[in-house]
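This report goes through a few local features of one protein model. The sequence and the structure come first, and the notes follow.

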Amino acid sequence: MCGIIGYTGYSEARGILLKGLKTLEYRGYDSAGIAVYHPEFKEVLVSKCEGRVEKLDTKSKDVKGVAGIGHTRWATHGGVSDNNSHPHKFGSVTLVHNGIIENYAAIKNQLGIANKLKSQTDSEVVAALVDYYYNGDAREAIISAVKEISGTFALAIMFDDIPNKIFAVRNVSPIVCCSNENGAYIASDIMAIGEYSEDYFVLPELTIAEITEEGIEVSDFSGNKVEPKILTLDWDIKNSGKMGYPFYMEKEIMEQPDVIEKTISSRIKDDLPDFSAENVDDSIFTQCDNITVIACGTAMHAGLIGKHIIEKTCGVPVTVNMASEYMYNQPIINERTLVICVSQSGETIDTLEALKYARKRGARSLSIVNVKGSTIARESENVVYTNAGPEIAVASTKAYTTQVAVFYLITAKMALLRGNLSKDGVISFIKELKKIPDAVASVLERRSEIHHLSNGMLTAEHTFMIGRGLDYPALLEASLKLKEISYIHSEAFASGELKHGTIALITEKTPVIALMTQSNLMSKQVSNIREVQSRGADVLTFVKKSLITKDVDCSFDLPDLEDDFMAVPAIIAMQLLAYYVSSDKGLDVDKPRNLAKVVTVE
C-alpha cells in the first residue's frame, strides 16, 4: 500500500522524487521521505518525516544529487513517526519497501541488531540484512537477503559506495520501470512516472533491476539477462490531472459516460459481444457449471450486479466471495468452476492470493482489471481490461461502472454461446447496454438537483438505504461510497428484511434512501417505504421515471432503461449524493481518512 519512486539521471533528483510522491498520494500514506546520493559527502542522505509531502518538501530543501529513492508510507509495522518513515538506512545500505516481511522478527534476532535499530519497522530489518551480506557485490547481497525473506516486497536499494545507482527487486508487490534521454525511473505505479515515457515495463518477480542514468538492465538471480515485456500507456497522462475540478472524484464521476462507452464499444462487433481482441477462450463460458466471483469492496459489489444478471439471463449459479475470506472457507472448486477476479489496480493482494489458490485447484480464470500488466492480469488465464483510465480518488467510481459494464458483456457472450438467448435476443440485450452511457450523462446533467438533495444529510450520523432485487446490491455500493468519504454511518438493507430487526433503528428524522427501479417489486418497495415513514424517517426516493405514479413519492427520477440495466444510472446518482455530502462537509473527498487506494498487504 506504500508508494515507491526512484530516479537516476542528469537532473536534480529531489524535484522528480517529490513530484512522484505527490502523484502517489492517492495510494494512502501517513509519512514520506526521500534519500539522495550526495556527490560531495559521497553517501546517501535521508530526509523523512511524519505527515504530508508538503512537509517533506520544506524539510528537504537543501537535498542535492541526481539519484535517489522516495517513499510514502502506510503504517503497518510500527506507528506513525519520523523514525518509522522510509527510507531506512543501516550501515551503507538505504532502501524503501512496500509489502510485509513476515519473518522480520526472526531475522532481527538472528542478526542480533535489536539495539541498533532506529525504528519499529520490518523494513529496516531488511536494510540490516542486505548490509549484513554486503561485501562490495550489491547483487549478491540482495540475492542472499531476498532468499531469507518471507512475505511480499518491492524494494528499491542504494549503497553509499555505488554512486547514482539504484537496485530494485520484488515479490508480488509491483514495481514499474521506464527511461528516457534524461535518465531512468521506477515506481510502484505508472501514474508516478508515465509522463516520462509512454513505454514501460513491470519488473518481473525475483529479478534484479540495475538502474543507472543510461537505462535499466534486468537479470535473474543466476545473472542471466531478462528482457521484460514492454507495455504502452493507452491513456494520455496529461488527462490524469483534475482538469479544473476541485476533486479527482468529481472529475472521475463526470468521465463515466465516455469510459463506459469505450469499455462497451471495444467489445462489440456486428452488434454481438466479442472478446477476440483479448483472446478470451469461448470454452471458459461454455465449459463451466458454476461461477465464483472473487473481489474486495467496490469490486465485490460489481460482482454482485454480475451475479444477478448472469443468473437471471444464463441460469448459471454464481457465488460472490470476499477475497480476504475465500481461502479460509473451504470453497468448493473444480475444473468446471470459472473464477472471475475483479480488481481496479490488479494488485489487490487478497484477490491475488485467492486467484492463485483457485487456479491450483483446477479452476478456469478470467480477471477484470483496469491496469495493464498488473499482477492479477498476469496470473489469470484470461483478462478483460476496463477502459476506465487512471482513477486517482480513493473512492472508486468509474472503475466500478466499467467493471459492471464488463459483467453485462460477459453475460451477453455466455447467453449467446450457451443458447440462453437467441442471436436476436443478444442483439436486443446489447442494444439496451449501449444506452447506458447516455442514461449516465442525463443523470450527470442534473447533478445540481442531487446536490440540493444532499443538503439534508450534512448533519446525519446514521443513514439507511433500502431496495429490492437488483436495487439492493446497487445500494450496497452506494452505502460504501457515503460512509467512506463522508464518515456517516450508512447501511444498505434488502427492504423486506426491515421487519426482521433493522426497523428498530429507525427513529424520528432518520435519513433513509430508497431506490426504486425494479418494476415487479414496486408495490412491495412502496409498502416498505411506508413502514419507515410511519416511524418518522426522512425518505429520499430515487425512482425510474416510468414507474412514478400518484402513489409513489419521488425525490429524483432516473432515466428509463430495462430493469436489469438500471444499476448503472442509479449508482451515478448515489455517487453524486455521497460526493456532495462529503465536499459540503469540507472533507478531503479524494483522500478519506484511514483508507488507501491500492491494498497490497493482507
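Is threonine 510 buried or exposed, judged by its relative accessibility? The model is a predicted one, and in it threonine 510 has 7% relative accessibility, so this residue counts as buried; the cut-off for buried is under 20%. Threonine 510 sits in the loop that links strand 23 (489–494) and strand 24 (511–516). A polar atom of its side chain lies 2.8 Å from the backbone oxygen of threonine 507. Leaving out residues up to four places away in sequence, threonine 510 touches Phe464, Leu505, Gly536, Ala537 and Asp538.

Glutamine 344 is another loop residue, placed between strand 19 (337–343) and helix 11 (349–360). Its relative accessibility is 15%, and glutamine 344 therefore counts as buried. The side chain of glutamine 344 makes a polar contact of 3.0 Å with the side chain of asparagine 370.

| Residue | Relative accessibility | Class |
|---|---|---|
| Threonine 510 | 7% relative accessibility | buried |
| Glutamine 344 | 15% relative accessibility | buried |

Six strands make up an open sheet with antiparallel pairing, in the order 5-6-7-8-12-13.

Threonine 94, for instance, has methionine 158 in strand 7 as its bridge partner. Strands of a sheet pair through backbone hydrogen bonds. Helix 4 (residues 122–133) lies across strand 5, strand 6 and strand 7, and runs at about 130° to strand 6.

Rolling a probe the size of a water molecule over the atoms shows where empty space is left. How many cavities of 30 Å³ or more are there? The count comes to three. The second largest cavity has a volume of about 40 Å³. Its lining consists of Met516, Val526, Ile529, Arg530, Thr541, Asp551, Val552 and Asp553. Which helix gives the most to the lining of the second largest cavity? Helix 18 (residues 522–533) does, with three residues.

Conventions. Residues are numbered from 1 along each chain as its sequence is written. This is a predicted model: local features need pLDDT of at least 70, side-chain atom pairs count only at pLDDT 80 or more; totals for chains, interfaces and linings use all residues. Side-chain values use heavy atoms; hydrogens and water are left out. Two strands pair if DSSP finds at least two bridges between them. Helices (H or I, at least four residues) and strands (E, at least two) are DSSP runs, numbered from the N terminus. Contact means heavy atoms within 4.5 Å. Axes are lines fitted to C-alpha atoms, for helices over the stretch in contact, and angles run from 0 to 180 degrees between N-to-C directions. Buried means under 20% relative accessible area, exposed over 50%, partly exposed in between (1.4 Å probe, protein chains only). A polar contact is a pair of N or O atoms within 3.5 Å; within protein, one must be able to donate a hydrogen and the other to accept it, and residues adjacent in sequence count only if both atoms are side-chain atoms. On a 1 Å grid over the protein atoms alone, a cavity is a set of points where a 1.4 Å probe fits but cannot get out, and a pocket is an open set with protein on both sides within 12 Å along at least five of seven lines; lining residues have an atom within 4 Å of a point. Grid points are joined across faces, edges and corners, and a volume is the space filled by probe spheres set on the points.
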